[in-house]
Amino acid sequence: MRRAIAILMLSLTGCSDPIGEHFSDVDAIGMSETWRDWVIVGRFGPSGPFTLVDFKSCEVDEPCNFSHNGQGHTYDEFYGYKLTVLRLEDSEGQVSHVVLRSKQKFDGRA
């Protein structure tokens, strides 16, 4: 459900479904049209090149949990911001995760 809402939000801002986007490296994510309103706050795994295979959007002020290589991670200190975790794969199937924070701060009632 959250993914569907995130895709709807991206489409309302003029972006299509980002699944399948290719990036030369982690820094290219922040320069892309889709993710230009986000700030990279965490990265795990190879630095690219890779393709976006999935993403998870978290509510404002809610912890954002994910697992990378069997190790759990929680981002919960970004009060007033939305978080999104990108799951990326390189050509050999190695997985990377990149955590993004919205540039815009929200009042928690988004």
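In this predicted model, a polar atom of the Asp25 side chain lies 2.9 Å from the backbone nitrogen of Ala28. The backbone nitrogen of Asp27 is also reached by a polar atom of the Asp25 side chain, at a distance of 3.2 Å. Asp25 itself sits in the loop that connects E1 and H2. Its relative accessible area is 30%, so Asp25 is classed as partly exposed, a value between the limits of 20% and 50%. Apart from neighbours within four places in sequence, the contacts of Asp25 are Ser47, Gly48 and Phe50.

Helix H2 spans residues 26-31, and the loop between H2 and E2 contains Ser32. A polar atom of the Ser32 side chain is placed 2.9 Å from the backbone oxygen of Ile29. Ser32 has a relative accessibility of 11% and therefore counts as buried, the cut-off being under 20%. When neighbours within four places in sequence are left aside, Ser32 is in contact with Glu21 and Phe23.

Five strands make up an open sheet, arranged in the order E1-E3-E6-E7-E2, with antiparallel pairing. Strand E1 (22-23) and strand E2 (38-44) are the edge strands, each of them pairing on one side only. In general, the strands of a sheet pair through backbone hydrogen bonds, in either a parallel or an antiparallel manner. For E2, the partner is strand E7 (residues 95-102); the two run antiparallel and are joined by six bridges. Within this pairing, Arg43 has Val98 of E7 as its bridge partner.

The model contains one disulfide. This disulfide is formed by Cys58 and Cys64, whose sulfur atoms are 2.0 Å apart, inside the 2.5 Å limit applied to such pairs. The angle about the S-S bond is 65°, and the link of Cys58 and Cys64 is right-handed. Cys58 has a relative accessibility of 5% and so counts as buried. Cys64, at 0% relative accessibility, likewise counts as buried.

Notes:
Residues are numbered from 1 along each chain as its sequence is written. This is a predicted model: local features need pLDDT of at least 70, side-chain atom pairs count only at pLDDT 80 or more; totals for chains, interfaces and linings use all residues. Side-chain values use heavy atoms; hydrogens and water are left out. Buried means under 20% relative accessible area, exposed over 50%, partly exposed in between (1.4 Å probe, protein chains only). Two strands pair if DSSP finds at least two bridges between them. Helices (H or I, at least four residues) and strands (E, at least two) are DSSP runs, numbered from the N terminus. A polar contact is a pair of N or O atoms within 3.5 Å; within protein, one must be able to donate a hydrogen and the other to accept it, and residues adjacent in sequence count only if both atoms are side-chain atoms. Contact means heavy atoms within 4.5 Å.
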